[in-house]
Amino acid sequence: MGEWVIGAFINLFGSIAINFGTNLLKLGHNERERHSTQDNVGTSGKVPVKPIIYFQTWRVGILFFFLGNCLNFISFGYAAQSLLAALGSIQFVSNIAFAYFVLNKMVTVKVLVATAFIVLGNIFLVAFGNHQSPVYTPEQLAEKYSNMTFLFYCLVLILLVALHHYIYRRGEIILAISGQDLRPYWQMLLPFSYAVVSGAVGSCSVLFAKSLSNLLRLAMSSDYQLHSWFTYSILLLFLSTAGFWMTRLNEGLALFDAILIVPMFQIVWTFFSICTGFVYFQEYQVLPLSLSVELM
């Protein structure tokens with residue numbers, strides 16, 4: 001059994017734990033809103049809302065979210081980033097069960113059909129995806145960060161984030177001025193733009209986590225010392241982007257309906273995680289060879 005199989009299984013369990021934690025976070029926000037409404041009934045003034053950390057459901061959700069991310073971090077040392085990021089789409093499957101049993105949301109036939117296609121796509125992904133996960137030296141990793149293709153991709157990512165941040169702020173201003181419900185397209189565009197900004201920046205933490213995992217494997221198999229400027233730089237970038245993602249995720253769950261925003265978060269996160277790993281590790285050079293080997 002190849003190392004990528006171990007990585008795939010660890011990532012599957014991690015993704016399901018993350019999705020379960022995300023739904024518990026949303027449930028915690030729902031409980032907070034419900035308690036706030038009950039506390040304000042029959043009172044002349046507005047009762048201050050308790051911080052979300054006071055709700056046990058939210059705290060348990062954080063633990064599952066943290067555990068899932070730890071498992072995903074471990075999995076990065078065994079398989080390609082594009083393969084593991086795409087396997088994260090298993091969250092769409094688990095999200096149906098959690099949304100139904102945890103959040104009491106209705107599941108439509110269209111959602112079930114779409115989920116069946118996701119499962120089918122994951123089968124093809126595991127069968128024909130990139131199964132290589134070489135260990136790189138710090139010099140090789142630094143060279144990939146300065147690659148012109150990756151730098152161009154980062155520029156496109158920055159422009160995309162700026163565009164959707166502007167769209168989201170524009171929607172907020174329109175909502176504040178009108179004081180009425182937004183038009184139907186704004187009701188979808190507003191959470192989508194929020195998710196794009198969150199996922200585009202937050203998914204970079206996957207790349208930094210993959211780099212850190214690579215350095216750990218290198219340290220365990222050679223005399224490489226982890227305490228270097230490169231390791232600390234990658235660690236700082238990982239903590240910054242992961243912290244940004246966690247903050248935006250928590251805020252998004254408070255702002256939007258879970259049945260809408262959670263799939264949007266998952267789509268954007270998965271898409272940009274795949275693209276980032278595909279460009280940075282230049283996996284487009286490995287894919288034709290991988291496909292030909294699998295089909296022989």
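## Cavities

By the rule used here, there are two cavities of 30 Å³ or more. A cavity is a set of points, on a 1 Å grid over the protein atoms alone, where a 1.4 Å probe fits but cannot get out. This is a predicted model, where local features need pLDDT of at least 70, side-chain atom pairs count only at pLDDT 80 or more, and totals for chains, interfaces and linings use all residues. Residues are numbered from 1 along each chain as its sequence is written, and side-chain values use heavy atoms, with hydrogens and water left out.

The second largest cavity comes in at about 50 Å³, a volume being the space filled by probe spheres set on the grid points, which are joined across faces, edges and corners. Its lining (residues with an atom within 4 Å of a point) is made up of F76, G77, S133, P134, V135, Y136, K210, N214, R217 and F281.

## Around I62

I62 sits in helix α2, residues 56-75 (helices are DSSP runs of H or I, at least four residues, numbered from the N terminus). It counts as partly exposed because its relative accessibility is 26%; buried means under 20%, exposed over 50%, and partly exposed in between, with a 1.4 Å probe and protein chains only.

Leaving out residues up to four places away in sequence, I62 touches L25 and M246 (contact means heavy atoms within 4.5 Å). I62 and N250 are 188 residues apart in sequence, yet their C-alpha atoms are 9.8 Å apart.

## V113 in helix α5

V113 belongs to helix α5, residues 109-128. With 43% relative accessibility, V113 counts as partly exposed.

Technical notes:
Helices (H or I, at least four residues) and strands (E, at least two) are DSSP runs, numbered from the N terminus. On a 1 Å grid over the protein atoms alone, a cavity is a set of points where a 1.4 Å probe fits but cannot get out, and a pocket is an open set with protein on both sides within 12 Å along at least five of seven lines; lining residues have an atom within 4 Å of a point.
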